[in-house]
Amino acid sequence: MKLLQIDNPRAVVPVGCRLLKLFGLGRDEKLKLLYWVQCVFYLVFSIITRVLVKIDDTVMLLRLGAELAFVSYLYSHTLGLYFRRVSLYRLVDLLQQCTNKRYSETIDQFLLASNAKINKFSITCCKYFLLMYVLYCAMPAIASTAVYIRNRRNQTEQPEEFIISSEMNFYYLDIRYSLLHYSFYTIIICLLSLTSSSSLCIKDIMDVAVIKATSLMFQVTAMQIRELRDQITQAELNNVIRSHRDTLLCAQWLQDALNMSLLIQLTFCSLIWCLMMFYILMMGFDSRILNVVILLLIVTVETYTYCKLGTQLTDKGEEVLVALQQLAWYNQPVPIQKQILFMIRRSQKPIVLSAGNLFYANVRQFSEMVQKSYSFYLVLKNVF
């Protein structure tokens, strides 16, 4: 597939940039008609239809609440792509400049191998979301086919409801018993799922790839520092200083590009966990919970990935500090000593990813979120 083909081994996030353009968010400043059509379509057929649902019992309230939280989460990320696209493209361009620099043969081989792994992850992520999309759309249709066959054989009894993937009042169509209405509903759901899975896939590929690429630049900078000889020349040090400066700028622009995305991710995550887990507990093992399980799995994997990569970014930033501290800077001329000490002082500031400047995205934060979500889940369990 040409969309997933990578010709240039130095290309930074090529798959993500192609998908972002295909989604209607290219680099130009023209009206993003395709993008806004998808946003309006999603609002009309995914969010409003859920708001119109009549709540009959606690189980329906929980499922509707969980689904509303999830579709709001998806819609927020979809809108976030529009407002973040300039920052993402700017960061990709800077990372591309860093990748295209001349390095020693050892560093260059390491850089190309690491970049290949990042691009391979992007391709794997596309295949994963394609599989999730097929499962999410296919499972209710397959189950409803069995329901239709049973209803045809037992026409004298009360007909069974078709299996719907989401609780929604589809503008008062009889999607639970009418085959025609259910078929129309299924087509709309497949289109909605295509839009939401595409936006989520693009968001994950872009965000994960730029975090990994920025971490890679810190590793490259640390390797450049370790390659300095006992007697450091000003030209060699200038080259390292430029790399260090560009890498720190990458980290700064990374924070600008991910600030909104991380805030949405961590804010919605706990709410979705609590509601979906409580719904699964009340329903037990039933065909109706399969789609909810898929949604819960997606949110969990995404959130943990962000937090794990945030921790790795901090660790790679500390590698630069360690490499500088291991230099025999005290044996160098005074002007070079001053420049090295300035780099050390700048590297002592931790490189962290924060969500809306409110809390950090790291494994420790993920652990705290799990504990708080479980506590809130126990409160819901006692109340209901």
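Tutor: First, the geometry: axes are lines fitted to C-alpha atoms, for helices over the stretch in contact, and angles run from 0 to 180 degrees between N-to-C directions. Keep in mind that this is a predicted model, where local features need pLDDT of at least 70, side-chain atom pairs count only at pLDDT 80 or more, and totals for chains, interfaces and linings use all residues. Residues are numbered from 1 along each chain as its sequence is written, and side-chain values use heavy atoms, with hydrogens and water left out.

Now the pair itself. H2 (residues 33-51) packs against H3 (residues 58-99) at about 165°, and the axes sit 11 Å apart. Helices here are DSSP runs of H or I, at least four residues, and strands are E runs of at least two, numbered from the N terminus. That angle makes H2 roughly antiparallel to H3, a label that takes over 145 degrees. The crossing of H2 past H3 is left-handed, so the near helix is turned anticlockwise from the far one by less than a right angle.

Who does the touching? On the H2 side you'll find Tyr-35, Trp-36, Cys-39, Tyr-42, Leu-43, Ser-46, Ile-47, Arg-50 and Val-51. H3 answers with Leu-64, Glu-67, Leu-68, Val-71, Leu-74, Tyr-75, Thr-78, Leu-79 and Tyr-82. Sorted by class, that's 14 nonpolar, 2 polar and 2 charged residues, with Ala, Val, Leu, Ile, Met, Phe, Trp, Tyr, Cys and Pro counted as nonpolar, Asp, Glu, Lys and Arg as charged, and the others, Gly among them, as polar.

Setting aside neighbours within four places in sequence, Ser-46 is in contact with Phe-41, Val-71 and Leu-192, where contact means heavy atoms within 4.5 Å. Val-71 also turns up in the H3 list above.

Stepping back, the protein chain has 9 helices and 2 strands, running α-α-α-α-α-α-α-α-β-β-α from the N terminus. Its C-alpha atoms fill a box of roughly 95 × 50 × 35 Å along the principal axes. Of the 384 residues, 50% are buried. Among contacts with a separation of 6 or more, 78% come from residues 24 or more positions apart.

Notes
Parallel < 35°, antiparallel > 145°, perpendicular 65-115°, else oblique. Buried < 20%, exposed > 50% of the residue type's maximum accessible area, 1.4 Å probe, protein only.
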